[in-house]
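Visitor: Could we go through this model together, a piece at a time? I have the sequence and the coordinates open.

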Amino acid sequence: QVQLVESGGGSVQPGGSLRLSCAASGTLLSFAAMGWYRQGSGKQRELVAGITGDGATTYADSVMGRFTISRDNAKNTVYLQMNSLEPEDTAVYYCNVRQYGITWLSLSGSWGQGTQVTVSS
């Protein structure tokens, strides 16, 4: 199994930045896809950004141009750099890892515990 632990969340003002990190332990294949999902209060979990083992990225339209996902396979970590944060970005952010080829629309794979991101003035 794969264990994922997120960190880097917090409270910021609109326009601020945060960098989320997800550390993986256990078996994590280099070609596994990793991503970030978020879930606001009373809302369904949705994809924020995903990245494949070879670096191909996918972003939700709502974060395109503001967020950047990256990974360091040597360290089994994935990051989410979040800039120009908006109140609508407030949610619990979850790290995810899955077998390559599974659509990001599927809430499958292994999940971290989540880290809270709050954007408010």
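**Loops, strands and a disulfide**

Visitor: Where does Asn 76 lie?

Guide: Asn 76 lies in the loop between strand 7 (67-72) and strand 8 (77-82). Please bear in mind that this is a predicted model.

Visitor: What is the phi of Asn 76?

Guide: Phi of Asn 76 is positive, about 50°, although the residue is not a glycine.

Visitor: And is Asn 76 buried, partly exposed or exposed?

Guide: Asn 76 has a relative accessibility of 26%, so it counts as partly exposed.

Visitor: Moving along, what about Ser 84: what is its phi?

Guide: Ser 84 also is a residue other than glycine with a positive phi, near 50°. Ser 84 sits in the loop between strand 8 and strand 9. With a relative accessibility of 41%, Ser 84 counts as partly exposed.

Visitor: Let me step back. How many helices and strands are there in the chain?

Guide: The chain has zero helices and eleven strands.

Visitor: What does the C-alpha trace span along its principal axes?

Guide: The C-alpha trace spans about 40 × 25 × 25 Å along those axes.

Visitor: How much of the chain counts as buried?

Guide: Of the 121 residues, 43% count as buried. The chain exposes about 6200 Å², and carbon and sulfur atoms supply 48% of that area.

Visitor: And what share of the contacts is between residues 24 or more positions apart?

Guide: Among contacts with a separation of 6 or more, residues 24 or more positions apart account for 56%.

Visitor: On to the cysteines. How many disulfides does the count come to?

Guide: The count comes to one disulfide. It joins Cys 22 to Cys 95, with an S to S distance of 2.1 Å. The two cysteines belong to distant parts of the chain: Cys 22 is in strand 3 (residues 18-26) and Cys 95 in strand 9 (residues 91-98), 73 residues apart.

Visitor: Is that disulfide left-handed or right-handed?

Guide: The torsion about the S-S bond of Cys 22 and Cys 95 is about -85°, so the disulfide is left-handed.

Visitor: Are the two cysteines buried or exposed?

Guide: Cys 22 has a relative accessible area of 0%, so it is buried. Cys 95 is likewise at 0% relative accessibility and therefore counts as buried.

Visitor: What stands opposite Cys 22 in strand 8?

Guide: Val 78 stands opposite Cys 22 in strand 8, and strand 3 and strand 8 pair in the antiparallel sense over six bridges. Strand 1 (residues 2-7) also pairs with strand 3, in the antiparallel sense and over six bridges. There, Cys 22 is the bridge partner of Glu 6.

Visitor: Now strand 4. Is it mostly covered or mostly open?

Guide: Strand 4 is mostly covered, with six of its seven residues buried. Seven bridges join strand 4 to strand 9, and the two run antiparallel. In that pairing, Tyr 37 stands opposite Tyr 94.

Visitor: How many bridges join strand 4 to strand 5?

Guide: Five bridges join strand 4 to strand 5, again antiparallel. Trp 36 has Ala 49 of strand 5 as its bridge partner. The two strands form a hairpin with six residues between them, and Gly 42 in the turn has a positive phi of about 70°.

Visitor: Finally, which residues have the most contacts inside the largest nonpolar core?

Guide: Those residues are Trp 36, Leu 80, Met 82 and Tyr 93, in a core of 28 residues. Several strands supply at least two residues each to this core, including strand 4 (33-39), strand 5 (46-51) and strand 11 (115-119).

Visitor: Which residues does Met 82 touch, leaving aside those up to four places away in sequence?

Guide: Met 82 touches Gly 16, Ser 17, Leu 18, Leu 20, Arg 66, Phe 67, Tyr 93 and Val 117.

Key: Residues are numbered from 1 along each chain as its sequence is written. This is a predicted model: local features need pLDDT of at least 70, side-chain atom pairs count only at pLDDT 80 or more; totals for chains, interfaces and linings use all residues. Side-chain values use heavy atoms; hydrogens and water are left out. A disulfide is a pair of cysteine sulfur atoms within 2.5 Å. Helices (H or I, at least four residues) and strands (E, at least two) are DSSP runs, numbered from the N terminus. Buried means under 20% relative accessible area, exposed over 50%, partly exposed in between (1.4 Å probe, protein chains only). Two strands pair if DSSP finds at least two bridges between them. Contact means heavy atoms within 4.5 Å. Accessible areas come from the Shrake-Rupley method with a 1.4 Å probe; for residues, only the protein chains shown count as cover. A nonpolar core is a set of buried Ala, Val, Leu, Ile, Met, Phe, Trp, Tyr and Cys residues joined through side-chain atoms within 4.5 Å.
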